[in-house]
Amino acid sequence: QMLLTSLVDGALTAYGDTGIFDPAKLAEIDFLNEPQLLIDLVAQSGQQICAEGTGREDMLLMIEITKEWMLHMVSLRYPPLTPHHTQAIVVLMMSRFFSE
């Protein structure tokens, strides 16, 4: 139980208040017609984490993988979907588990 608690706490800390992007900013863009706007929003989140210097390297990796996946999906003419919050948190927990 202590291990699980540690993994959850670490993942939630890495995920931060907004996750891969700020939902308030998402509401301001037309990402369905302009998917690059969503990719840019994800990239901005990574830049913000870097500027904060918060030690959230695992989240930066998640953002980079997400951005590359989105670019790939757009190249195939599919919507550039991002991971759901629960998916992202579980990936962060797994990453922490295997790194510790």
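**Salt bridges and packing**

Analyst: Let's start with arginine 56, which counts as buried at 13% relative accessibility. Keep in mind that this is a predicted model.

User: What does arginine 56 meet in a salt bridge?

Analyst: Glutamate 52. Their side chains meet at 3.9 Å, N to O. Glutamate 52 counts as partly exposed, at 41% relative accessibility.

User: How many salt bridges does the structure hold?

Analyst: Three. Another one joins aspartate 58 and arginine 96, with the closest N and O atoms 3.0 Å apart. That pair links distant parts of the chain, 38 residues apart. Aspartate 58 sits in helix α4, residues 57-75, and arginine 96 in helix α5, residues 85-99.

User: Is aspartate 58 buried or exposed?

Analyst: Buried. Its relative accessible area is 17%, and the cut-off for buried is under 20%. Arginine 96 has 22%, so it is partly exposed.

User: And which residue does glutamate 64 meet in a salt bridge?

Analyst: Lysine 67, at 3.4 Å from N to O. Both are in helix α4, three residues apart, so about one helical turn separates them. Glutamate 64 is partly exposed, with a relative accessible area of 36%.

User: Switching topic. How many aromatic pairs are there?

Analyst: The count comes to one. It is phenylalanine 97 with phenylalanine 98, their ring centres 5.1 Å apart.

User: Why is the pair edge-to-face?

Analyst: Because the ring planes are at 85°, and planes over 60 degrees apart count as edge-to-face. Phenylalanine 97 is partly exposed at 38% relative accessible area, whereas phenylalanine 98 is exposed at 67%.

User: Now the helices. At what angle do α1 and α5 pack?

Analyst: About 120°, with the axes 8 Å apart. Helix α1 covers residues 2-15. The two helices are therefore oblique to each other.

User: Is the crossing left-handed or right-handed?

Analyst: Right-handed, as α1 passes α5.

User: Which residues of α1 and α5 meet?

Analyst: From α1, the list includes Leu3, Leu4, Leu7, Val8 and Tyr15. From α5, it includes Ala88, Ile89, Leu92 and Met93.

Definitions and conventions:
Residues are numbered from 1 along each chain as its sequence is written. This is a predicted model: local features need pLDDT of at least 70, side-chain atom pairs count only at pLDDT 80 or more; totals for chains, interfaces and linings use all residues. Side-chain values use heavy atoms; hydrogens and water are left out. A salt bridge is a side-chain nitrogen of Lys or Arg within 4 Å of a carboxyl oxygen of Asp or Glu. Buried means under 20% relative accessible area, exposed over 50%, partly exposed in between (1.4 Å probe, protein chains only). Helices (H or I, at least four residues) and strands (E, at least two) are DSSP runs, numbered from the N terminus. Rings of Phe, Tyr and Trp (its six-membered ring) pair if their centres lie within 6.5 Å; planes under 30 degrees apart count as stacked, over 60 as edge-to-face and the rest as tilted. Axes are lines fitted to C-alpha atoms, for helices over the stretch in contact, and angles run from 0 to 180 degrees between N-to-C directions. Angles under 35 degrees count as roughly parallel, over 145 as roughly antiparallel, 65 to 115 as roughly perpendicular and the rest as oblique. A crossing is left-handed if the near helix is turned anticlockwise from the far one by less than a right angle, and right-handed if clockwise. Contact means heavy atoms within 4.5 Å.
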